[in-house]
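Thank you all for making time this morning.

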Amino acid sequence: MDNTDSTCDKSAFRQLYENFSDRLRNFVYYKTGRAEIAEDTVQESFLRLWKNCASVPYPKAQQFLYTVAQNLLRDRFKHEKVVLKFRHQHREEASAESPQYLLEEKEFKQKLERAINALPEGQRLVFLMNRIDKRKYREIAEELGISQKAVEKRMHQALVTLRKELGKI
Amino acid sequence: MENNYNEDTFLARWLSGDLSEAERQTFEASEEYRAYQKIAEASAELRSPEWQKAAGWEALEQQMNPKPKPQVRRRQLWPYAVAAATVLLLIAFWFWGSASQLTRVGAELAEQKQVALPDGSQVWLNAGSEIAYDATAFASSRQLNLRGEAYFEVARGSQFTVRSAGGAVRVLGTRFVVYDREEKIEVRCYAGKVGLRLAAAAEEAVLLPGDRFWSEGGRAIQRAKLDPEAAGPAWRAGESRFDLVALVEVIRELERQYRIEVQYPPELAEINDYRGGFPHDDLETALKLVFSAVGYQYRIDQNRIEVYR
């Protein structure tokens with residue numbers, strides 16, 4: 001998508017939804033652990049972008065969406081414990097492993113999920129945006145409006161915390 | 001920790017492959033490396049749960065299209081015609097693009113329709129209404145988009161969501177009506193518990209049986225009680241009933257139930273405490289009940305009705 005596109009151009013807007021709604025939805029999901037809130041927030045954020053399309057240049061649209069989404073959530077879910085549910089991509093070679101190994105793997109994954117849920121929000125966001133959405137630190141920094149150094153610190157801290165929580169591996 | 005990876009970005013840089021060769025080799029030789037490697041690998045295989053992306057776009061698009069404004073200019077029409085044709089083509093493309101994933105069921109004017117959803121829930125569509133949903137994912141997601149008015153009897157199970165231009169309605173198992181037309185959203189709860197969240201608001205309002213909540217033009221929710229005798233909407237039994245609504249809303253319902261067009265003097269638009277109803281199978285009686293009650297007369301000319309003092 002060309003950066004000279006207008007946000008008010010409907011096909012450019014549709015493209016933005018195609019490319020970006022997954023990430024925005026995940027972002028809210030990681031923050032709140034609430035799938036339905038995440039979908040509503042995506043819709044409302046995009047709608048507000050559309051209504052303000054004339055004043056938001058296309059390259060600024062993603063940032064605008066993140067800002068709106070964060071404002072919509074405000075601090076509503078800050079103190080609620082999140083319980084994220086994940087899907088696990090299956091690895092082919094796993095089927096050849098012993099039942100003992102598979103059981104241990106399963107337990108490990110469950111422990112990992114619990115530990116991710118228990119991470120402080122800032123670390124959890126950075127960690128999952130990188131691991132699931134495959135975002136680079138620089139991109140996460142732009143999206144969250146913080147420095148790349150801050151993102152790297154959170155990522156490092158998240159790994160240390162997870163390692164500690166998981167104990168013997 | 002014997003290594004320098006307690007430096008505050010070390011592991012982040014390791015994960016992104018930005019360590020120096022010497023740093024990397026030292027780290028990979030350490031005891032801790034295997035544990036971090038395992039966390040990195042397992043977390044890279046995580047995926048977030050599926051979501052209703054196509055249905056989300058559909059609902060969004062519904063809210064993006066403003067009402068068409070009447071066109072009055074009359075010069076050099078053909079460039080506009082070309083532009084309009086292009087736009088139509090594009091719209092047709094989008095529509096088809098999303099329609100290929102969503103199942104749509106609609107009730108025409110002067111018609112009502114009962115629909116069984118894949119999860120066993122039942123929907124009754126009032127005249128001039130439509131629902132759209134993703135049939136393959138419905139049993140697990142239980143989400144649909146609504147234009148117009150429908151009565152729902154939701155089978156027990158996980159959360160059930162009705163999205164419309166004015167907001168979202170969430171329930172578990174229950175019976176309720178959602179009405180969303182022309183800037184007004186209204187929900188009537190007959191059984192169970194219903195949560196209403198306006199498109200413009202963050203908070204959710206909860207309806208209990210007998211509650212009727214509505215909002216006009218995105219303004220604050222107003223509340224009233226339903227007739228305690230009513231087990232469901234009157235329109236399912238062949239009549240429309242209203243309690244303190246704008247007369248224009250009643251006129252629009254007449255138009256939908258009888259496939260007619262009503263012309264009325266502008267002062268009627270100011271009546272907003274209409275209480276009453278009309279049957280769906282007798283136009284004369286319906287018109288009498290609505291317009292005589294407010295002191296007006298009417299003329300019928302095929303499917304056009306003119307109301308006068």
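How many bridges join β16(B) to strand β19 (residues 304-308) of chain B, and in which sense do these strands run? The model on the screen is a predicted one, and please keep that in mind throughout. The answer is three bridges, with β16(B) and β19(B) running parallel, and within that pairing Val262(B) stands opposite Ile305(B) of β19(B). The sheet to which they belong is an open one of three strands in chain B, ordered β16-β19-β18, and its pairing is mixed. Its edges are formed by β16 (261-263) and β18 (297-301) of chain B, each of which pairs on one side only, and from one strand to the next the twist averages 20°.

Staying with chain B, let me give you its overall make-up before going further. Chain B contains eight helices and 19 strands, and of its 309 residues 31% count as buried. If we take the contacts in chain B with a separation of 6 or more, 43% of them are accounted for by residues 24 or more positions apart.

On one hand, β10(B) pairs in the antiparallel sense with strand β9 (residues 175-181) of chain B, over seven bridges, and here Val178(B) has Val187(B) in β10(B) as its bridge partner. These two strands, β9(B) and β10(B), form a hairpin with two residues between them, and in the turn Glu182(B) has a positive phi of about 45°. On the other hand, β10(B) also pairs in the antiparallel sense with strand β13 (residues 211-216) of chain B, over five bridges, where the bridge partner of Ile185(B) is Ser215(B) in β13(B).

Val105(B) has its place in strand β2 (residues 103-107) of chain B. Val105(B) and Leu146(B), which are 41 residues apart in sequence, are 9.9 Å apart in space, C-alpha to C-alpha.

Let me turn now to the other chain. Chain A has seven helices and one strand, and along the sequence these follow the pattern α-α-α-β-α-α-α-α. Of the 169 residues of chain A, 35% count as buried, and among contacts in chain A between residues at least 6 apart in sequence, 62% join residues at least 24 apart.

The helix of chain A that I have looked at in some detail is α7 (residues 148-166). With 19 residues at 1.5 Å a residue, α7(A) should span 27 Å, and its end C-alpha atoms are 27 Å apart, so the two values agree. The buried residues of α7(A) include Val151(A), Met155(A), Leu159(A) and Leu162(A), and also Glu152(A) and Arg154(A). The buried residues of α7(A) pack against α4 (99-117), α5 (121-131) and α6 (137-144) of chain A, together with α1 and α3 of chain B. Just after α7(A), Gly167(A) takes a positive phi of about 60°.

That brings us to the interface, where 38 residues of chain B are in contact with 42 residues of chain A. On the chain B side, the elements that each supply at least two residues include α1 (10-15), α3 (33-44) and α5 (77-99), and by class this side has 21 nonpolar, nine polar and eight charged residues.

How values were computed. Residues are numbered from 1 along each chain as its sequence is written. Chains are lettered from A and ligands numbered from 1 in the order in which they are written. This is a predicted model: local features need pLDDT of at least 70, side-chain atom pairs count only at pLDDT 80 or more; totals for chains, interfaces and linings use all residues. Two residues are in contact if their C-beta atoms, placed from the backbone, lie within 7 Å. Helices (H or I, at least four residues) and strands (E, at least two) are DSSP runs, numbered from the N terminus. Ala, Val, Leu, Ile, Met, Phe, Trp, Tyr, Cys and Pro count as nonpolar, Asp, Glu, Lys and Arg as charged, and the others, Gly among them, as polar. A residue is buried if 20 or more other C-beta atoms lie within 10 Å of its own, exposed if 12 or fewer, and partly exposed in between; C-beta atoms are placed from the backbone. The expected span of a helix is 1.5 Å times one less than its number of residues. Two strands pair if DSSP finds at least two bridges between them. Axes are lines fitted to C-alpha atoms, for helices over the stretch in contact, and angles run from 0 to 180 degrees between N-to-C directions.
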